[in-house]
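This report goes through one structure, part by part. The sequence and the coordinates are shown first.

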Amino acid sequence: MTTSAIATPSVAKPRKQLLTPARIGVYAFLLFTSAFFLLPLYVMLVTSLKSSDEVRAAVLFAWPASPQFGNWVEAWSTACISLACDGIRGGFWNSVRLVIPATILSVFLGALNGYALSFWRSKWGDVLFAILMLGAFVPFQIMIYPLVAWFRLGGFYNTYWAILLVHCIFGMPVLTLLFRNYFVSVPQELFKAARIDGGGFWRIFLQLMLPMATPMIIVATILQITGIWNDYLFGLIFAGKDNYPMTVQLNNLVNTTFGERRYHIDMAATILTSLVPLLVYFFSGRWFVRGIAAGAVKG
Amino acid sequence: MAQVNVKDLDIVLGGNNILKSMNLEVRDGEFLVLLGPSGCGKSTLLHSIAGFIDVTEGQILIGDKDVTWADPKDRDIGMVFQSYALYPTMNVERNMSFGLRVARVPKAEIESRVERAASMLHLTDLLKRRPSQLSGGQRQRVAIGRALVRDAKVFLFDEPLSNLDAKLRSELRRELKQLHQQLETTMIYVTHYQVEAMTLATRIAVMKAGVIQQIGSPDEIYNYPTNLFVAGFLGAPTMNTFRGKLLQDNGQTTFVGPAFMANLSSYPNAKNIQTSEVIVGFRPENINLTDGKTSTNGNSGRISLIEPLGPQNIVWLTLTDGSTLSAVTDTQWHGKVGETISFDFDSARASVFDAKTEQRV
């Protein structure tokens with residue numbers, strides 16, 4: 001940019017003041033809120049890379065002299081959880097084994113419910129839906145003891161099937177609502193045309209409605225993956241020792257001490273546990289927003 | 001190809017008796033238009049014939065089959081909706097062949113039927129496209145094609161052209177008429193546009209509040225409406241109606257209204273009309289405007305508005321009692337707003353209704 005003697009301030013374009021008090025206030029607020037959420041993450045990260053001595057030195061925000069990635073390896077494969085010293089990888093695979101089928105099943109059932117409720121109107125459909133919604137508002141802690149009693153009666157308490165069933169059940173209200181609201185915006189005429197063409201309940205669902213509901217399926221899947229992975233209480237109560245998900249194992253790992261608290265290993269294990277939901281959000285976050293928007297405005 | 005018979009049909013929806021003892025006979029191969037204002041029950045009747053609404057009482061027969069309780073897919077029907085209702089995740093070819101694939105029709109047969117329908121509707125180049133990549137007119141053609149491939153006995157149309165712009169509407173209207181001429185299948189068509197009814201129908205059934213007011217050919221309905229409602233529903237601008245007395249004197253029948261008189265002797269059966277309190281109706285095109293000087297019957301009015309349409313003009317007159325009269329003139333006629341002008345009627349084409357019952361006499 002060249003300047004000349006003629007370019008006086010009076011010729012220059014008037015510019016708005018960048019740093020107004022209001023703007024400073026907004027940025028300060030945003031910085032503060034971000035810090036509130038990011039600082040613990042930072043501390044976690046930093047601590048997980050420290051050596052034992054640096055942890056004992058207890059300088060919270062200090063970056064480690066040399067990052068010890070071995071901590072993560074130790075948390076994964078050799079850290080001690082009560083008597084077994086196999087690291088938290090067992091919990092990881094338990095969670096994976098749980099989350100994938102539970103997500104698929106609950107999303108499928110939620111979509112099926114939403115589809116049945118919006119297209120195949122029956123007298124009791126609306127009553128059922130109201131009861132389901134009521135269930136969504138009841139705190140789930142209330143239902144734990146009855147569920148434990150029933151599962152024990154049924155003989156499958158503390159098994160894989162118990163925890164799978166629990167996650168499916170508790171996903172029903174939200175997912176049914178999600179899909180029902182989505183399908184309500186699909187014109188009835190589409191359904192009628194399919195019926196004239198001879199489509200029955202399942203064919204219309206599988207070949208027509210489900211493909212159409214792709215944005216909602218993505219939203220529901222993201223919700224379920226993160227929700228089920230992050231769950232602690234149900235995993236603790238219903239899964240049984242052999243099926244403890246990663247969250248439960250993490251808690252056990254943190255509580256297993258032989259005298260000293262190994263914060264760096266604990267932090268490493270925590271990071272490993274939260275990695276899956278974090279990655280899901282990072283990579284599919286925009287699909288989530290798109291899906292919600294698509295459900296709201298049918299194009 | 002089959003006739004459709006609706007016998008004593010009662011439909012109750014949400015506590016409302018939409019159709020009461022509806023009787024309708026659609027002849028084999030005809031194009032029947034159900035015409036009426038919104039809420040008159042025409043869509044309900046169509047959807048009952050299709051099988052989407054449960055029947056409270058009565059029977060529906062397609063051909064010789066009683067389909068009152070049959071599933072829509074077992075009624076041998078094809079249906080075209082106002083919003084096209086195309087399957088958005090499938091391309092045109094799969095949209096059209098969906099029904100056939102469900103019915104497990106052999107692949108070769110599916111291909112030939114789809115090809116035939118596509119060529120009839122000029123869709124051959126569009127078979128691989130998705131509905132979102134088609135224009136409104138193309139989408140509607142695909143919807144028609146989807147109904148066509150089913151080789152149905154009856155085609156049902158639920159206001160299929162209402163979502164299209166005016167030019168496309170008239171284009172597709174002509175194509176539909178040609179299709180009917182080609183296929184000679186029974187077609188039932190619902191609309192509230194009288195132009196569509198007049199141009200497409202073999203017969204029109206005018207409906208009001210769940211009751212068929214009149215059913216007949218477009219010519220019959222237009223020129224010989226059975227009641228005031230039908231008379232007012234068809235024709236644009238609307239038929240001019242006036243209350244007044246009918247005088248019978250020495251073989252001459254005269255209508256005396258508050259603003260003019262009309263000699264109705266050439267009206268069919270004029271001498272035998274018993275009532276004297278009547279409503280008389282003249283369509284705007286049956287009114288002749290003459291200039292003030294050559295009036296022979298003393299009827300005159302003041303021009304209040306002229307609407308030029310291109311091939312014609314609509315002239316609105318204010319009569320001596322304040323009522324309005326509309327007349328259609330050709331382009332040769334010239335006049336100015338404010339001029340007083342006289343008029344007379346083509347009485348043979350008038351309509352006379354009993355003032356109390358509003359029925360034609």
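The sections below describe a predicted model, beginning with the domains of chain A.

## Domains of chain A

Chain A is split into domain 1, residues 2-71, and domain 2, residues 89-298. Taken over C-alpha atoms, the centres of these two domains of chain A are 37 Å apart.

Where the domains of chain A meet, 8 residues of domain 1 are in contact with 7 residues of domain 2. On the domain 1 side, helix H1 (21-48) and helix H2 (52-57) of chain A each supply at least two residues. H1(A) provides the largest share of that side, 4 residues. The class composition of the domain 1 side touching domain 2 of chain A is 3 nonpolar, 4 polar and 1 charged residues.

## A buried loop residue in chain A

A:Leu49 sits in the loop between H1 and H2 of chain A. Is A:Leu49 buried or exposed? A:Leu49 counts as buried because it has 22 C-beta neighbours inside 10 Å, the cut-off for burial being 20 or more.

Leaving out residues up to four places away in sequence, A:Leu49 touches A:Pro64, A:Pro67, A:Gln68 and A:Asn71. The C-alpha atoms of A:Leu49 and A:Phe69 are separated by 6.0 Å, although the two residues are 20 residues apart along the chain.

## Helix H8 of chain A

The buried residues of H8(A) are A:Leu190, A:Phe191, A:Lys192, A:Ala193, A:Ala194, A:Arg195 and A:Ile196.

Which elements do the buried residues of H8(A) pack against? In chain A they pack against helix H4 (89-119) and helix H9 (201-212), and in chain B against H1 and strand E6 (77-80). After H8(A) comes A:Gly198, which has a positive phi, near 100°.

## Contact between the chains

The contact takes 14 residues from chain A and 16 residues from chain B. On the chain B side, E6 and helix H2 (92-102) of chain B each supply at least two residues. H2(B) gives the most to this side, with 3 residues. By class, the side of chain B that touches chain A consists of 12 nonpolar, 3 polar and 1 charged residues.

## Chain B as a whole

Chain B has 8 helices and 20 strands. Its C-alpha trace spans about 75 × 45 × 35 Å along the principal axes. Of the 361 residues of chain B, 38% count as buried. Among contacts in chain B between residues at least 6 apart in sequence, 66% join residues at least 24 apart.

## A four-stranded sheet in chain B

Chain B contains an open sheet of 4 strands in the order E2-E1-E4-E5, with antiparallel pairing. Strand E2 (16-26) and strand E5 (65-66) of chain B are at the edges; each has a single partner strand, so one side of each is left without a neighbour in the sheet. Strand E4 (residues 57-62) of chain B pairs with E5(B) in the antiparallel sense over 2 bridges. Within this part of the sheet, B:Asp66 of E5(B) is the bridge partner of B:Leu61.

Helix H1 (residues 42-50) of chain B packs on the sheet, where it touches strand E1 (4-13), E2 and E4 of chain B. The direction of H1(B) makes about 115° with that of E1(B). H1 of chain B is also among the elements that the buried residues of H8(A) pack against.

Methods: Residues numbered from 1 in each chain as written. Chains lettered and ligands numbered in written order. Predicted model: local features only at pLDDT ≥ 70, side-chain atom pairs only at ≥ 80, totals over all residues. Domains from an automatic or database assignment. Contact = placed C-beta atoms within 7 Å. Nonpolar A, V, L, I, M, F, W, Y, C, P; charged D, E, K, R; others polar. Pairing = 2+ DSSP bridges. Axes fitted to C-alpha atoms, helices over the stretch in contact; angles between N-to-C directions. Buried ≥ 20, exposed ≤ 12 C-beta atoms within 10 Å, placed from the backbone.
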